[in-house]
Amino acid sequence: MNTKASLRLLVAMTFGSIGLISCGVDPTVTETGTPVAQVSNKITGSVQEWKVNVSATKAEAGEVIFAMANYGSIKHEFLVTKTSYEPGKIPLGADDRFDEEDKGISVIDEISEWDVNEAKVLTVKLEVGTYELLCNIAGHYGNGMHTTFTVS
Ligand SMILES: [Cu+2]
């Protein structure tokens, strides 16, 4: 079994009967190329240089499960943050990261940096609000590793 097939198997085991998981490498579309439902509390996704992809960008308040694969060529991390900053506008420090203790940011939980071609699962309880899913390794956020996630 190749690595991506292994990752898909891991994700499929995580979510059991969700059919779309087994369809392909890109979790945002089905085998026929149809976008998957936009609202889901069971998210599959990936991190890579320089983006964060997720299978849905909206969820309902409550438990949300993220199964994330690292499809990049270097380590990445995955943070679920609630923030009042506009997407991509969290101010960066001299070290090219943002301050995770900044008043405008609340880091709900994270998968700390993990290896290429491996997948990790994170379960969080989310309230109604606007979140950014991102990587805060030096330079990564500024290069585009973030995506907006809305809970209603
Ligand atoms: Cu990164």
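Two strands are taken to pair where DSSP finds at least two bridges between them, and the legends below apply this to a predicted model.

**View 1. Overview of the predicted protein, with its helix and strands.** The secondary structure comes to 1 helix and 9 strands, and from the N terminus on the elements follow the order α-β-β-β-β-β-β-β-β-β. Of the 152 residues, 28% count as buried. Among contacts with a separation of 6 or more, 59% are accounted for by residues 24 or more positions apart.

**View 2. Pairing of strands E5 and E8.** Strand E5, residues 76-83, and strand E8, residues 129-134, run in the antiparallel sense and are joined over 4 bridges. Within this pairing, threonine 81 of the protein stands opposite glutamate 132 in E8.

**View 3. The open sheet that contains E5 and E8.** This sheet has 5 strands in the order E3-E9-E8-E5-E6, and its pairing is mixed. Its edges are formed by strand E3 (58-59) and strand E6 (105-114), each of which pairs on one side only.

**View 4. The open sheet of 4 strands.** Here the strands are arranged in the order E2-E1-E4-E7, again with mixed pairing. Because strand E2 (51-54) and strand E7 (119-126) stand at the edges with a single partner strand each, one side of each is left without a neighbour in the sheet. Neighbouring strands of this sheet are turned against each other by 25° on average, direction ignored.

**View 5. Pairing of strands E1 and E4.** Strand E1 (residues 42-48) pairs with strand E4 (residues 62-70) in the parallel sense, over 6 bridges.

Methods. Residues numbered from 1 in each chain as written. Predicted model: local features only at pLDDT ≥ 70, side-chain atom pairs only at ≥ 80, totals over all residues. Helix = DSSP H or I, 4+ residues; strand = E, 2+ residues; numbered from the N terminus. Axes fitted to C-alpha atoms, helices over the stretch in contact; angles between N-to-C directions. Buried ≥ 20, exposed ≤ 12 C-beta atoms within 10 Å, placed from the backbone. Contact = placed C-beta atoms within 7 Å.
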